[in-house]
Amino acid sequence: MAVKANDDLTTGSMLSHYINLAIPAALGMLFSTLYNVVDVFYAGQLSTEAQAGLSIGFQAFFILMSIGFGLGSGLSALVSNAKGEKNTRVARELAAQGLSFGVIATGILMVIGYIGGPYLIALVSEPGGYRDAALSYFRFLILALPGFLLAYGGNGILQAHGDTRSMQRALMVAFFANIGLNPLFMFGIPGTWGGLGLDGIAVATIVSQTGVMLFLMTRIFNLDLMDRVKRSEFIPDRHCFKAIAEQMAPASTALIVMFVSGFVVQFALKGFGEHAIAAYGVALRIEQILLLPVLGMTGALLPIAGQNYGAKDYDRVRDAVFFCWKIGFAISIIAMPLLWFGGQYFMRPFTDDPDVIRVGASYLLVDGFLFPIYMMLFSINSLLQALKKPIYTLWISIYRQGFGVAFFIWVFIAVLDFEVWGVWLGIAVAVSSGWVIALIVAARVSEQQMGGLRPQTA
């Protein structure tokens, strides 16, 4: 029997919608990030070399995974718009076609990753143990791609229905499973099997993420929307695929640019030693944990704004944006001092290498100043997606994470000779200038699509 979700975001309290969407989403992302933290912790039980290999290998994999995130945000925007218009047929068609799109994309990306991944890893690493570890880890991790792409794509369908709890529950179970699976596959069973070392972390991810995907598929097919879905609706349709690709491609490409930017940072850091690369990998996980409430809020903005934009209730879209910003700034006030003063303490559970701790703490110090700026950037991305103008998120990302990061890091390191601090300051200037551009773009697009961001007076 199909389950009818309480999925109308065009009426009711804005606070209640944000609570119902943002808290489960943030909790899900918390367990997703803690999942990665567990991986970093266990890699550190092997060596700093293994931590550096994990950081680089996962960065390469995430470029492939970005298609899943883009598919999820694209389907969330398209399906939520259709629901806001009360067009059930189109919403169901988009959901079915989105799943078919995900299956085809997964197969193509696995081939691309197997062929191209090693070249990407070689570009940002020096020959030796940590490069070898990254290559081996990455080759195993490719097998987890179906679980990631279909899970995140499917989550976009659930999110459009106001359901962020399913993903939360799946990621919670995956996190606890990972705590047991990592040491099992890494160290094996004493006297029976010696384990796989760092590659065991990848195998644990394959098992747990496949479970996440299977659970989300059952939730999707239990939606009231899918009650009358036919097999023929899953056959690829050129027009639907085009609509999905147009909405997904800018978001996915923006994420790819973001992770290529991560490789640019790692390329700059490799001249300072493997401890700098390991420090960046650990510090990123800490940053992600503190950003989770913000990511939950800004992620909730997409289906709320999307449904209300589809319903042509533009005042409610504006209310959703400003409510998100108010809560986001309140969260920033708490998070910023933690990053400024707690960096070394946050790094210590993951490593006892003093150089890794020192370099990671310096990144978190700079990151504290960027926290509210990240919040604004994420919310603007969600708004542009909801307004069906995702192409602008790509152009902002190309400047900020493509040109900006590379250029400003070069200025601070090659011209001003700031060493590791130059990498962090280069990131800060790129993010800050990108934020200014994003504000200008958001103001102009919202003016064209719904009369501006300012409340309309009678």
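T205 counts as buried, at 3% relative accessibility, where buried means under 20% relative accessible area, exposed over 50% and partly exposed in between, with a 1.4 Å probe and protein chains only. T205 lies in helix 7 (residues 199-221); helices here are DSSP runs of H or I of at least four residues, strands are E runs of at least two, and both are numbered from the N terminus. Keep in mind that this is a predicted model, so local features need pLDDT of at least 70 and side-chain atom pairs count only at pLDDT 80 or more, while totals for chains, interfaces and linings use all residues. Residues are numbered from 1 along each chain as its sequence is written, and side-chain values use heavy atoms, with hydrogens and water left out.

**Cavities**

- The structure holds 2 cavities of 30 Å³ or more. A cavity is a set of points, on a 1 Å grid over the protein atoms alone, where a 1.4 Å probe fits but cannot get out.
- The second largest cavity has about 50 Å³ of space in it. For volumes, grid points are joined across faces, edges and corners, and the space counted is that filled by probe spheres set on the points.
- Its lining is made up of V40, Q51, L54, S55, A278, G281, V282 and R285; a lining residue has an atom within 4 Å of a point.
- Helix 2 (48-84) and helix 9 (274-310) are the elements that give two or more residues to that lining. Helix 9 gives the most, with 4 residues.
- By residue type, the lining of the second largest cavity splits into 4 nonpolar, 3 polar and 1 charged. Nonpolar covers Ala, Val, Leu, Ile, Met, Phe, Trp, Tyr, Cys and Pro, charged covers Asp, Glu, Lys and Arg, and the others, Gly among them, are polar.
- Domain 1 (1-236) and domain 2 (248-457) each supply at least three residues to the lining of the second largest cavity. The domain bounds come from an automatic or database domain assignment.

**Helix pairs**

- The axes of helix 2 and helix 9 come within 12 Å and cross at roughly 5°. Axes are lines fitted to C-alpha atoms, for helices over the stretch in contact, and angles run from 0 to 180 degrees between N-to-C directions.
- That crossing makes helix 2 roughly parallel to helix 9. Angles under 35 degrees get that label, those over 145 are roughly antiparallel, 65 to 115 is roughly perpendicular, and the rest are oblique.
- The residues of the contact of helix 2 with helix 9 come out as 10 nonpolar, 13 polar and 4 charged.
- Helix 1 (residues 14-46) packs with helix 6 at an angle of about 10°, their axes being 7 Å apart. That makes helix 1 roughly parallel to helix 6.
- In the contact of helix 1 with helix 6, the residues divide into 18 nonpolar, 7 polar and 2 charged.

**Loop residues with positive phi**

- K388 sits in the loop between helix 11 (354-386) and helix 12 (391-415). Its phi is near 60°, a positive value in a residue other than glycine, and at 38% relative accessibility K388 is partly exposed.
- D417 is in the loop between helix 12 and helix 13 (420-450). The phi of D417 is near 55°, again positive in a residue other than glycine, and at 57% relative accessibility D417 counts as exposed.

**Helix residues and their C-alpha distances**

- M248 belongs to helix 8 (residues 238-269) and is buried, with a relative accessible area of 8%. M248 and L284 are 36 residues apart along the chain, and their C-alpha atoms are separated by 25 Å.
- F323 lies in helix 10 (residues 314-347) and is partly exposed, at a relative accessible area of 21%. The C-alpha atoms of F323 and L15 are separated by 8.2 Å, with the two residues 308 apart along the chain.
- L184 is part of helix 6 (residues 165-187) and is partly exposed at 34% relative accessibility. L184 and G194 are 10 residues apart in sequence and 9.6 Å apart in space, C-alpha to C-alpha.

Methods:
1 Å grid on protein atoms, 1.4 Å probe; cavity = no way out; pocket = protein on both sides within 12 Å on 5 of 7 lines; lining within 4 Å.
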